[in-house]
Amino acid sequence: MSLRLPTPPTTSCRLLAYASSFVGRRAKEVKRNFTSFSIPSASSSLPNANASISNGFPIPGGLEDEMVGYIFGRRKATDVAHSVWKHVVREGDTVVDATCGNGHDTLALVKLVAGESARGRVYGIDIQEDALRSTSCFLGQSLGTQEMEHVKLFPKCHTKLAEIVPEDASVRLVAFNLGYLPGGDKAITTRSETTLLALEAAGSIIKPGGLISTVVYVGHPNGREEFETVQAFASGLSTENWVCCKLQMLNRPLAPVLIFMFKR
Ligand SMILES: C[S@@+](CC[C@H](N)C(=O)[O-])C[C@H]1O[C@@H](n2cnc3c(N)ncnc32)[C@H](O)[C@@H]1O
């Protein structure tokens, strides 16, 4: 079952108005950044003027800035994740947000896949209907009608993600932002067992050149175990087919950890 969009304005929508206007501005920045570099593909080796070269590998200006910001404690893990996505996702792609929450990641993904062709799709999943209402409301305030057509929301467990995405779709990105819903019930968190099944499902639908992106929060009761599960899953992927890495703050043990799994 997919959720219809957009949701009519509600009290919670109004409560989110301030946050949305902020993210609306952020979304414009995202779009600006996105259009400021071209995504290198296997067939294109020419970085644009804004890209710098590191060991022959073009890095989009946005990613380099976010990484430097992260290293110096000025940027959040999610900012780095969004920047990495820009390096992988192209207009017209199919992507999955496996934990929609309040919709910030979903919005960033819509901005990346939406375009003239109307082909791009974001399949958004969350186990809590409240979270999807919040996402729907937030997207309704941040996107135009046409951009909204790129999103489908599903109130389900992300272990079902391969059943939600059409069989013939080749998926460029599956994003997980684990933990609990900010502003919601902190007792409802993602869990190691279901996260592992969802990661396996993601691995089965990601196409070569695609990415599984995870932001893992270790501060909640199941967080440490979940982090170890995600880390073990990524560490066990074959080096022939996958490039996996982790970004972790060393002197802030509760800071979220980024784990990326890139399929060659
Ligand atoms: C940290 S929040 C996600 C934040 C969100 N991506 C954003 O940008 O606002 C984690 C979300 O995972 C959801 N969740 C927990 N278990 C889940 C499951 N098994 N399947 C899908 N979503 C789940 C929670 O309901 C919560 O909304």
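These exercises walk through the fold, the sheet, the core and the ligand shell of the structure above.

The model is predicted, so local features need pLDDT of at least 70 and side-chain atom pairs count only at pLDDT 80 or more, while totals for chains, interfaces and linings use all residues. Residues are numbered from 1 along each chain as its sequence is written.

**Exercise 1. Get an overview of the protein.**

Task: Find how many helices and strands the protein has, and what percentage of its residues are buried.

Solution: 
- Step 1. Start with the secondary structure: there are ten helices and nine strands. Helices (H or I, at least four residues) and strands (E, at least two) are DSSP runs, numbered from the N terminus.
- Step 2. Next comes burial. A residue is buried if 20 or more other C-beta atoms lie within 10 Å of its own, exposed if 12 or fewer, and partly exposed in between, with C-beta atoms placed from the backbone. By that rule, 40% of the 264 residues are buried.
- Step 3. Now look at contacts, meaning residue pairs whose C-beta atoms, placed from the backbone, lie within 7 Å. Of the contacts with a separation of 6 or more, 73% join residues 24 or more positions apart.

**Exercise 2. Look closely at β4 and β9.**

Task: Say which residues of β4 lie on each of its faces, and why β9 is largely enclosed.

Solution: 
- Step 1. β3 and β4 run parallel, joined by four bridges, and T94 has R121 as its bridge partner in β4.
- Step 2. In a regular strand, side chains alternate between the two faces of the sheet. In β4, R121, Y123 and I125 are on one side, V122 and G124 are on the other, and all are buried.
- Step 3. Turn to β9 (residues 257-263), which pairs antiparallel with β7 (residues 206-216) over six bridges. L211 stands opposite F262, and I212 has M261 as its bridge partner.
- Step 4. β8 is also antiparallel to β9, again over six bridges, with W242 partnered by K263.
- Step 5. Because six of the seven residues of β9 are buried, the strand is largely enclosed by the rest of the structure.

**Exercise 3. Trace the core.**

Task: Find which residues have the most contacts inside the largest nonpolar core, and follow the contacts of V96.

Solution: 
- Step 1. A nonpolar core is a set of buried Ala, Val, Leu, Ile, Met, Phe, Trp, Tyr and Cys residues joined through C-beta atoms within 7 Å. The largest one has 57 residues, with V96, L161 and V174 having the most contacts inside it.
- Step 2. V96 sits in β3 (residues 94-97) and counts as buried because 30 other C-beta atoms lie within 10 Å.
- Step 3. Beyond four places in sequence, V96 contacts Y123, I125, L161, V165, V171, V174 and A175. Its C-alpha atom is 4.7 Å from that of Y123, 27 residues away along the chain.

**Exercise 4. Describe the ligand shell.**

Task: Identify which residues come nearest to the ligand, and sort the shell by residue class.

Solution: 
- Step 1. For the classes, Ala, Val, Leu, Ile, Met, Phe, Trp, Tyr, Cys and Pro count as nonpolar, Asp, Glu, Lys and Arg as charged, and the others, Gly among them, as polar. The shell then divides into eight nonpolar, eleven polar and two charged residues.

Conventions
A residue is near a molecule or strand if its C-beta atom, placed from the backbone, lies within 6 Å of it. Two residues are in contact if their C-beta atoms, placed from the backbone, lie within 7 Å. Two strands pair if DSSP finds at least two bridges between them.
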